[in-house]
Amino acid sequence: MKIEGLNIEDNGNDNVINIDEGSIFRGCKIIIKGDNNFIHLGKALLYKGLVLNLKGNNKRFEVKESNKNICNVKFTSIRGNNQVFTIGKNLSCGGIEVQMNDGDETFTIGDGGLFSWGIKVRTSDGHSVVDMATNRAINLPKDVHIGDRVWIGEDVRFLKGAEIPSDCVIGSGAVVTKAFTQSNCVIAGFPAKVVKNDILWDRRMPREFNKIDGNKNK
């Protein structure tokens with residue numbers, strides 16, 4: 001498979017790479033070292049700076065179709081097996097770096113997300129914190145889930161076990177350390193907490209939005 005702007009290095013067996021027609025690629029790379037991995041890139045307006053680095057077996061990375069630009073998605077999974085990373089429809093992304101390096105973790109992004117840049121996601125700590133009484137690691141990996149229509153500001157961090165319901169806004173610089181259950185809210189701070197309830201968000205600029213008939217008294 002040869003696609004302009006996309007370099008593929010497949011160093012394994014029975015790996016499946018499906019790429020829908022119609023996308024433009026610029027500076028993108030896929031590296032696979034392992035077996036039985038699956039990658040699907042749905043049609044997007046533009047993939048720019050996409051880097052997938054997979055080592056291991058039975059891993060899955062899927063992007064559903066988008067009418068937006070998907071830029072600087074960097075997915076590293078060089079330890080463990082069976083990780084799953086799924087991106088829903090119509091993601092708009094400036095930059096996200098994801099590391100899933102333990103095993104069996106899942107990271108999902110819902111439909112209609114608006115992501116700024118400098119976003120980082122970790123589903124594990126990378127090394128063990130050991131309880132001396134039991135001689136067992138106590139910081140096991142946890143899944144991360146982001147719902148539909150979530151707007152994420154720049155330089156946000158999601159740690160293992162983070163969960164964001166649909167129709168939320170995550171303020172710039174937030175560090176999300178837990179699962180939230182309340183939709184339609186603004187989440188911000190370190191550690192992140194709900195700072196405003198009962199909101200929706202819109203891609204239009206605030207002054208433009210407020211000029212629309214029906215919105216002037218809101």
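Reader: How many bridges join E7 to strand E10?

Author: This is a predicted model, where local features need pLDDT of at least 70, side-chain atom pairs count only at pLDDT 80 or more, and totals for chains, interfaces and linings use all residues. Residues are numbered from 1 along each chain as its sequence is written, and side-chain values use heavy atoms, leaving out hydrogens and water. Strands (E, at least two residues) are DSSP runs, numbered from the N terminus, and two of them pair if DSSP finds at least two bridges between them. E7 and E10 (residues 73–77) run parallel, and the number of bridges joining them is four.

Reader: Which residue in E10 is the bridge partner of Val-51?

Author: Val-51 lies on the uncovered face of E7 (residues 51–55), together with Asn-53 and Lys-55. Its bridge partner in E10 is Lys-74.

Reader: And what stands opposite Lys-55 in E7?

Author: E7 also pairs with E4 (residues 28–33), in the parallel sense and over five bridges. Opposite Lys-55 stands Lys-33.

Reader: On to the cysteines: how many disulfides does a search of the whole structure find?

Author: A disulfide is a pair of cysteine sulfur atoms within 2.5 Å. Cys-185 has its closest cysteine sulfur, in Cys-168, 3.7 Å away, so that's too far for a bond. For the whole structure, the search comes up with zero.

Reader: Is Cys-185 buried or exposed?

Author: Buried means under 20% relative accessible area, exposed over 50%, and partly exposed in between (1.4 Å probe, protein chains only). Cys-185 has a relative accessible area of 0%, so the word for it is buried.
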